[in-house]
Amino acid sequence: MTKSEVIAKVKSLNLPDGSYIVYGSAPLVVLGIRDVNDIDLLVSEKVYNQLEKKGWKKVYKGPKDEPLTHDVFDVHKNWEFSGYSPNLSELLSRAIEVEGVAFASLDDVRKWKADWGRDKDLADIKLIDDYLSPVAL
């Protein structure tokens with residue numbers, strides 16, 4: 001998905017400001033680092049419960065990792081399945097807002113990916129570091 005597609009998908013949920021943040025890899029798309037295939041959201045307990053009542057499916061991915069899934073979304077009520085587990089208010093305090101959508105900061109995404117350490121996360125860290133590095137003349 002492109003930046004405009006991610007923003008449109010998130011806006012289509014009509015979530016209240018301050019009740020969610022786009023996390024995982026999706027913040028990379030708004031900075032032009034790479035496209036993404038899905039959208040991870042960290043949401044308030046209230047939003048999580050509302051989406052569950054609407055029929056979003058809970059998927060067990062591991063201890064403390066049971067996101068609700070629907071379409072391209074994985075919606076989490078906490079990020080405690082990772083060694084780097086900031087809460088929603090912490091992430092929102094450092095968020096990047098793009099076209100009215102809250103995205104996790106690049107620093108938060110990098111910290112999480114460094115902790116998670118999968119091959120795809122390490123590849124993203126390289127992309128992030130390249131993005132942040134000044135261009136040599």
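Which residues is Ile-39 in contact with, leaving aside its neighbours within four places in sequence? The legends below begin with that residue. The model is predicted, so local features need pLDDT of at least 70 and side-chain atom pairs count only at pLDDT 80 or more, while totals for chains, interfaces and linings use all residues. Residues are numbered from 1 along each chain as its sequence is written, and side-chain values use heavy atoms, with hydrogens and water left out.

**View 1. Surroundings of Ile-39 in the largest nonpolar core.** With those sequence neighbours set aside, Ile-39 is in contact with Met-1, Val-6, Lys-9, Val-10, Val-22, Ala-26, Val-72, Phe-73 and Asp-74, where contact means heavy atoms within 4.5 Å. The largest nonpolar core has 26 residues, of which Val-6, Val-22, Ile-39, Leu-41, Phe-73 and Val-75 touch the most other members; such a core is a set of buried Ala, Val, Leu, Ile, Met, Phe, Trp, Tyr and Cys residues joined through side-chain atoms within 4.5 Å. Apart from it lies another core, of 16 residues, among them Leu-28, Leu-88, Leu-91 and Ala-104.

**View 2. Strand S2 and its pairing with S1 and S5.** Five of the five residues of S2 are buried, with Ile-39, Leu-41 and Val-43 on one side and Asp-40 and Leu-42 on the other; buried means under 20% relative accessible area, exposed over 50% and partly exposed in between (1.4 Å probe, protein chains only). Strands (E, at least two residues) and helices (H or I, at least four) are DSSP runs, numbered from the N terminus, and two strands pair if DSSP finds at least two bridges between them. S1 and S2 pair in the antiparallel sense over four bridges, whereas S2 and S5 pair in the parallel sense over four bridges. Asp-40 is the bridge partner in S2 of Tyr-23, and the bridge partner of Asp-40 in S5 is Asp-74.

**View 3. Asp-108 in helix H5 (residues 106–116).** Asp-108 counts as buried because its relative accessibility is 0%. Leaving aside neighbours within four places in sequence, Asp-108 is in contact with Tyr-23, Tyr-84, Leu-91 and Arg-94. A polar contact of 3.0 Å joins the side chains of Asp-108 and Ser-105, the term standing for a pair of N or O atoms within 3.5 Å; within protein, one must be able to donate a hydrogen and the other to accept it, and residues adjacent in sequence count only if both atoms are side-chain atoms.
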